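The sequence and the structure go here, ahead of my entries.

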Amino acid sequence: MTSVIITGAAGGMGQATCLHFAQQGWTVIAMDHNQTRLNALAAQHIHITTLCVELDDPNMINQLAHTLQNKPTPGALINLAGISKGAPIETLAEEDWQKS
């Protein structure tokens with residue numbers, strides 16, 4: 001069975017994408033920073049597993065790499081994680097730009 005990693009999985013588009021792939025028979029590794037929403041997502045389909053991560057935290061990225069290193073290589077990565085500051089891009093601080 002092919003697996004897919006989906007970031008930003010607990011939100012509207014991420015959740016819909018996870019469910020779509022799970023219904024097509026893919027093993028879905030859903031990542032987000034909101035554990036409560038991830039739990040609700042995982043309860044919707046047996047092929048969805050979740051990992052609660054902050055993708056802007058280098059220590060969490062290292063832990064994530066160790067967690068995934070013994071798993072089969074995913075067939076796809078869908079990166080839906082991001083932030084929105086509700087401001088023109090040229091006004092973003094460098095710190096915000098690095099998070100987006």
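Before looking for cores I wrote down that a nonpolar core is a set of buried Ala, Val, Leu, Ile, Met, Phe, Trp, Tyr and Cys residues joined through side-chain atoms within 4.5 Å, where buried means under 20% relative accessible area with a 1.4 Å probe and protein chains only. I kept in mind that this is a predicted model, in which local features need pLDDT of at least 70, side-chain atom pairs count only at pLDDT 80 or more, and totals for chains, interfaces and linings use all residues. Residues are numbered from 1 along each chain as its sequence is written, and side-chain values use heavy atoms, with hydrogens and water left out.

Entry on the cores. I found that the largest nonpolar core has 13 residues, and that Ile6, Ala9, Cys18, Val28, Ala30, Leu41 and Ile48 have the most contacts inside it. Helix α1 gives the most to this core, with 4 residues. I then looked up Val28, which, leaving aside neighbours within four places in sequence, is in contact (heavy atoms within 4.5 Å) with residues including Val4, Ile6, Cys18 and Phe21. A second, separate core of 6 residues includes Ile29, Met31, Leu64 and Leu68.

Methods. Buried means under 20% relative accessible area, exposed over 50%, partly exposed in between (1.4 Å probe, protein chains only). Helices (H or I, at least four residues) and strands (E, at least two) are DSSP runs, numbered from the N terminus.
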